[in-house]
Amino acid sequence: MSLLELDDVTLSFGGVKAVDRVSFAVEEGEVFALVGPNGAGKSTIFNLISRFYTPQEGDISFDGRSILDLAPEDIADLGIARTFQNVELFEQATVLQNLLVGRHRHRRSRLWQDILFTPFVRREELRHRIAVEKVIEFLELEPYREKYIQGLPYGVRKMVEMGRALAMEPRLILLDEPASGLSVEETRDIAFWIEDMRKLMGITVVMVEHDMNLVRDVSDRVLALADGRVLAVGTPREVQTDPRVIEAYLGPGEEVA
Amino acid sequence: MRIVFKTSHDADIRLWKHGMQLSWYLLLLALAAALPLLLDDFMLGEATNVLVWAIAGMGLMLLVGHAGQASLGHAAWLALGAYANTLLQTKAGMPFLLSLPLAAVISGLVAALVTLPIMRLHGIYLAIATLALSVLTEDIIILAEPWTGGVSGLFAPDIEIFGVNFNRYANPHGLYWLVLAITVLVTLGYANLLRAPTGRAFVAVRDSEVSARAMGVHVARTKTLAFALSAAVTAIAGALMGHMAGVFNNETFNIVISIYLLMMIVIGGLGAIHGAFLGALVIGFLPQAIALLRSALAGALGVGSITIPGLETAVFGAILAAFLLFEPRGIYGRWIVIRTWFELFPFYRRDMFRRQRSYLKTERMR
């Protein structure tokens, strides 16, 4: 059984079919990349999995259970974390506080306990902070730990967002263009971190990415999309040499003298 | 600049950042407790008033400053607190120690119910809905005459705890200490909330609903909770106001009070508990300052007295406008800038607290 399965999923906005009968399955423990030109429906698929959108047809299941009856808030509880293409952080809070919000799905204290800050809440806080501290160490965010998000450079924000998703201790992480806007060195770091996420933390990774070098380096399988339809699925090499994919990116082939 | 070396997670969890800060707060508390010995009865009454306003301010701060939801109708919860507390004492014969928390609980529950239909509103629409709530409350008070006494109002009995009377004039010291104790309790509860998951959920909803959802924060539930807690705290202040006024009617808690409340926390500084207290100080002592200024001006000009109707409101309005224009972070925000300047002297940079340009936002999925 696959961890995440999309089955004939269709979503249209008005007359535009953003996602058109898309089916794929992501196995536990793999790194799965979605590629395609702008407007192919990659981010829309992420929003479908996070339940921000509801498909008109088809089914999405996680761990063998359909998630279409769940609200967006309930997706985190399943162990699905995500980042956003345009970095959605809590601006007026520190890096540490942002990461601690990622621990929300692990909260066990009740309101009255929070108000009295009982010893139980203190123990819980300790548990959350140890988990968050691990993420900070992993992503080397120590220099920014106490800084407010609103003053941080773009690259750091991206790291914080990834950290917030990791603080959730998810089973599946959805990374929406993790390397966009990053320098070559930062992109290389991302590649290592994705490797570690899978190998050390046992997290399944689904990512949308335009940087083909990164995709080739880290992903086990790639799915190419264009105009909301699946063009090809396979290893990075297979997909990159697929004539339909080349056509989608470069236009129909012409006789070259 | 003080550099705190953190050697355990407790350094992040506890309420104070370093020992020095704790000493300052304890000193402030000691000063506040010693105030009855330093002030005359009139000024002590004003100080009590400031504390009550600070409680109300904390109630609204929780909603506006931390959960990021607007409210122009918080006088409604002051009113509900005052009426519920008084009626529980006079009609149900409850002691103050029981009626006060119960009035807060009632207001919280009513707020949660009322919030359900207006939950999906944002920004200006939410502000209008809460404004309507405030107007409605005045009408309901008049309509529910058998209970509320309508226009002629309701008499609040003296606060009595285990036979000790806390009348405003007979026992001003006692009343002040009682209000101070309630203020400290509310402040501690508020500060605890902010360092616990619930407070972080509020901030998450304030800053980005989309990613709060993705983190598993139930946005609607969190907003309802924020409204309920905010109303409950505000109701405590309302109940105390009722006791201090002695008699109140439908006009005691009108829209102007709602607007004063909101002004207070904006001037004090949104998003920090300190802001509620600083704002309360301004609101509490401004009428005195204006009166002093007025008599000084009259003396200087050689006229008997100057009476300008609406002067106070105009001055309040001017101060609010000035803050919004020149220091949107409020007094507390300005204080942080000044403190940082001294801490880093001479390395303070002008743009240190300037807002960064905001990056593109994900199109809101509402």
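Student: Let's start in chain A. What stands opposite A:A81 in β7(A)?

Tutor: A:I173 does. Keep in mind that this is a predicted model. The pair belongs to β6(A) and strand β7 (residues 172-176) of chain A, which run parallel and are joined by three bridges.

Student: Now the open sheet of four strands in chain A. What's the order there?

Tutor: β2-β1-β4-β5 in chain A, with antiparallel pairing. The edge strands are β2 (16-26) and β5 (65-66) of chain A; each has a single partner strand, so one side of each has no neighbour in the sheet.

Student: How many bridges hold β1 and β2 of chain A together?

Tutor: Seven, between strand β1 (residues 4-13) of chain A and β2(A), in the antiparallel sense. Two of the pairs you can look up are A:F13 opposite A:V16 and A:L4 with its bridge partner A:V26.

Student: And what about the turn between them?

Tutor: β1(A) and β2(A) form a hairpin with two residues between them. A:G14 in that turn has a positive phi of about 65°.

Student: How does β1(A) pair with β4(A)?

Tutor: In the antiparallel sense, over five bridges. Within that pairing, A:D7 stands opposite A:D59 in β4(A).

Student: Let's switch to chain B. How many helices and strands does the chain have?

Tutor: Chain B comes to 15 helices and four strands. Its radius of gyration is 22 Å, close to the 21 Å that the globule rule gives for 366 residues, so chain B is as compact as a globular protein of that length. The C-alpha atoms fill a box of roughly 55 × 55 × 45 Å along the principal axes.

Student: What share of chain B is buried?

Tutor: Buried residues make up 41% of the 366 residues. On contacts, take those in chain B with a separation of 6 or more: residues 24 or more positions apart account for 73% of them.

Student: Which residues touch the most other members of the largest nonpolar core?

Tutor: A:V205, B:V52, B:I55, B:M58, B:L78, B:A235 and B:I236, out of 169 residues in that core. Helix α11 (residues 219-245) of chain B gives the most to this core, with 15 residues.

Student: Pick one, say B:V52. What does that residue touch?

Tutor: Leaving out residues up to four places away in sequence, B:V52 touches B:V179, B:A237, B:L240, B:M241 and B:M244.

Student: And B:V186, is that buried or exposed?

Tutor: Buried, because B:V186 has 22 C-beta neighbours inside 10 Å and the cut-off for buried is 20 or more. B:V186 is found in helix α8 (residues 172-194) of chain B. Leaving out residues up to four places away in sequence, B:V186 touches B:I55, B:M58, B:V233 and B:I236.

Student: Last topic: how many residues does each chain put into the contact between A and B?

Tutor: Chain B gives 31 residues and chain A gives 40. On the chain B side, the elements giving two or more residues are α1 (10-13), α8, α9 (197-207) and α10 (209-214) of chain B. α9(B) gives the most, with seven residues.

Student: What's the make-up of that side by class?

Tutor: The side of chain B that touches chain A has 14 nonpolar, eleven polar and six charged residues.

Terms used:
Residues are numbered from 1 along each chain as its sequence is written. Chains are lettered from A and ligands numbered from 1 in the order in which they are written. This is a predicted model: local features need pLDDT of at least 70, side-chain atom pairs count only at pLDDT 80 or more; totals for chains, interfaces and linings use all residues. A nonpolar core is a set of buried Ala, Val, Leu, Ile, Met, Phe, Trp, Tyr and Cys residues joined through C-beta atoms within 7 Å. A residue is buried if 20 or more other C-beta atoms lie within 10 Å of its own, exposed if 12 or fewer, and partly exposed in between; C-beta atoms are placed from the backbone. Two residues are in contact if their C-beta atoms, placed from the backbone, lie within 7 Å. The radius of gyration is taken over C-alpha atoms; the globule rule is 2.2 Å times the number of residues to the power 0.38. Ala, Val, Leu, Ile, Met, Phe, Trp, Tyr, Cys and Pro count as nonpolar, Asp, Glu, Lys and Arg as charged, and the others, Gly among them, as polar. Two strands pair if DSSP finds at least two bridges between them.
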